[in-house]
Amino acid sequence: MGEHKYTGPIAGIFQKMADIIGKDVYYVNFLILMFFTLFEVAAVFFETIPGTDIEITRTAVWGVLIVVGIIKGYGIAAFFMHLKGDPFIYTRTALFPVIFAALMLWGIGLSNPAGIDQLPDWCTPNWDYSYVTE
Amino acid sequence: MSGSLHDVKNDVWMRAVIVSVILLSVGGAAYGAFTVGVGTVKHNDWDAAHHDLEEAVASWNTANETGTLAEQEAAADAWHEAHEADIDAHLSYLTWVTAGKTILVMMIIYAAFYGISGFYNSIQPEEEDDHHHHGDDHEEHHGSASPILMAAGIMFFMIGFPGFVNTCKSLLGLDYQAEMGDFGMSVAGAAIMIIGIGNWWNEDLKGHHEQIATSAPFKGQDIRKAGMWIFLISETMVFASFFSSYLRMRTGWCTEWAVNAGKCEVVDTTTASDLLRHEIGTLLPGAINTFALIISSYTIVLALKTAKDVNWEPSKNALMAKLFPTRKKAVRNYLIITLALGSMFIVLKLVEWSHLIAEGFTIDTQAGSIFYVATGAHGLHVFIGLLVMLFMIFKADVLENGYDEHNGQGIEYFGLYWHFVDLAWVAIFPAFYLY
């Protein structure tokens with residue numbers, strides 16, 4: 001615990017930050033999680049970027065929520081849950097349900113009203129929907 | 001060995017009872033201060049605000065009958081202001097009353113769990129203790145029946161649960177038919193569950209060798225750790241099903257967000273986030289809860305780090321040295337901080353629910369149903385985690401060395417569950433509160 005030096009493109013950045021401030025990676029991860037949560041809440045709460053007239057669009061908010069979610073998820077899973085540093089079998093185990101989650105999301109694409117003619121082709125099995133749309 | 005019951009002193013039951021009394025006192029004090037004290041003041045404020053609202057409505061009626069247009073507009077503005085003040089006063093009242101009641105109920109459950117289980121562990125026969133202490137250092141561990149006993153108890157409890165609820169309502173004098181068969185099954189299930197938990201607790205306190213997997217894919221790994229990850233897979237699927245249900249329904253709704261994005265024209269569904277995300281006061285409980293879970297994830301990491309650190313020394317900072325004077329107390333106190341943060345999460349969640357319900361966002365709508373089921377399931381996970389944490393605090397307190405480098409993996413495995421709960425919130429918070 002704590003003595004382990006993290007390497008790799010992303011974990012290495014966390015480790016470098018930890019080395020710079022003289023703390024361990026858990027502390028850096030904690031600070032990053034706090035910062036991005038604040039960022040996430042602010043992105044939704046403010047309609048314009050504070051101090052400017054630049055509007056924060058819905059697409060931008062979506063992007064922020066997804067990107068921040070991925071960063072926070074990585075921080076918690078990689079460092080707090082020790083997936084980075086533990087044998088790879090645990091990462092494989094953790095990723096296993098992703099297959100089912102992806103199938104569920106595909107199911108949403110198939111079964112929601114927009115699935116008929118508003119979603120991209122790769123989301124749908126390309127059945128003939130003419131009886132619905134005509 | 002991961003700790004030994006031999007280290008558990010004879011005063012365990014007394015300590016458990018004292019802690020239970022302290023917990024009950026905290027609950028009683030919170031109820032008295034928040035629900036009875038501040039709640040009464042806030043209720044009076046609400047009454048006054050409601051009285052003002054009635055007067056404003058009467059003035060508006062009078063202005064509509066006999067007043068000028070300017071008087072009518074002024075009366076309408078006054079009505080609007082009084083209405084807002086009435087809502088604010090009501091929500092403020094609900095905040096304090098719900099907080100007080102939630103803390104009281106939680107403390108009663110904590111006290112019962114801590115007291116009964118602490119007492120249960122203190123009455124184990126001494127010879128069993130000796131057997132384990134001297135006999136099992138090289139003895140093969142054959143696993144435990146407690147988890148499956150507990151699971152069977154939960155199964156019976158859940159099978160009888162609908163009838164159990166109806167019977168309780170009937171006993172409370174409501175117009176429901178008592179279903180004693182189901183009620184009995186639930187009670188028996190609860191009893192089996194408690195025995196399973198108590199036995200599990202007792203086995204863990206005694207300590208045991210860590211079982212190592214002997215075949216692929218986890219060969220060489222601690223079985224408990226692998227088991228925890230497999231369990232977390234199933235938990236991931238539970239929350240994934242909530243998310244897919246929510247996203248499926250959400251894509252079919254015409255929400256405020258969808259209207260603003262130009263996807264549809266008339267709002268047909270109000271989501272929880274529509275009520276929560278626009279004002280700092282309504283968003284605050286969810287935001288504080290997010291920070292609380294992240295901080296609690298960090299404190300549990302600190303507890304593990306401290307337990308594993310054989311060279312641990314108190315901080316040079318006087319306050320920190322007082323809070324965390326020894327390794328044993330440092331681990332225990334980090335766990336207590338985690339418990340406090342998790343408890344705050346539950347209190348704020350129920351306060352927030354009380355506000356949403358008061359504003360008409362109830363479970364009998366599609367949006368309400370998925371919101372309360374998903375966030376409620378998450379809250380239940382937090383609460384179960386808090387009960388486990390109570391046991392860990394108990395263990396950290398009563399074992400001679402508490403958690404150390406030999407038995408600290410217990411914190412690590414529980415930590416995996418706790419971080420998962422945090423991870424689930426990382427997805428729930430933006431999906432249900434911000435989007």
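Visitor: Over residues 128-139 of chain B, under what value does pLDDT stay?

Guide: This is a predicted model, and the stretch 128-139 of chain B has eight contacts in it beyond four places in sequence. Helix H3 of chain B, residues 126-135, is where confidence in that chain is lowest, at a mean of 47. Over residues 128-139 of chain B, pLDDT stays under 50.

Visitor: Which helix of chain B has the highest confidence?

Guide: Chain B has a mean pLDDT of 88, with 93% of its residues at 70 or more, and for the complex the predictor gives an ipTM of 0.85 and a pTM of 0.88. Within chain B, the highest confidence, at 95, belongs to residues 327-358, which form helix H12 of chain B.

Visitor: Among contacts in chain B between residues at least 6 apart in sequence, what percentage join residues at least 24 apart?

Guide: One pair separated along the chain is Ile288(B) and Met344(B), which are 56 residues apart and have their C-alpha atoms separated by 9.3 Å. Taking the contacts in chain B between residues at least 6 apart in sequence, the share that joins residues at least 24 apart is 78%.

Visitor: Is Ile288(B) buried, partly exposed or exposed?

Guide: Ile288(B) has its place in helix H10 of chain B, residues 280-308. A residue needs 20 or more other C-beta atoms within 10 Å to be buried, and 12 or fewer make it exposed. Because Ile288(B) has 14 C-beta neighbours inside 10 Å, the class it receives is partly exposed.

Visitor: Which element gives the most residues to the side of domain 1 of chain B that touches domain 3 of chain B?

Guide: The domain assignment of chain B places domain 1 at 6-124, domain 2 at 144-208 and domain 3 at 218-435, and the C-alpha centres of domain 1 and domain 3 of chain B lie 23 Å apart. In their contact, 18 residues of domain 1 of chain B meet 14 residues of domain 3 of chain B, and the domain 1 side divides into ten nonpolar, five polar and three charged residues. The most on that domain 1 side, 13 residues, is given by H2(B).

Visitor: Which element gives the most residues to the side of chain A that touches chain B?

Guide: The contact between the chains takes 37 residues from chain A and 40 residues from chain B. On the side of chain A, the elements giving two or more residues are helix H2 (25-45), helix H3 (58-80) and helix H4 (88-111) of chain A, and the residues of that side comprise 26 nonpolar, eight polar and three charged. With 13 residues, the element that gives the most is H4(A).

Definitions and conventions:
Residues numbered from 1 in each chain as written. Chains lettered and ligands numbered in written order. Predicted model: local features only at pLDDT ≥ 70, side-chain atom pairs only at ≥ 80, totals over all residues. Contact = placed C-beta atoms within 7 Å. Helix = DSSP H or I, 4+ residues; strand = E, 2+ residues; numbered from the N terminus. Nonpolar A, V, L, I, M, F, W, Y, C, P; charged D, E, K, R; others polar. Domains from an automatic or database assignment. pLDDT = per-residue confidence, 0-100.
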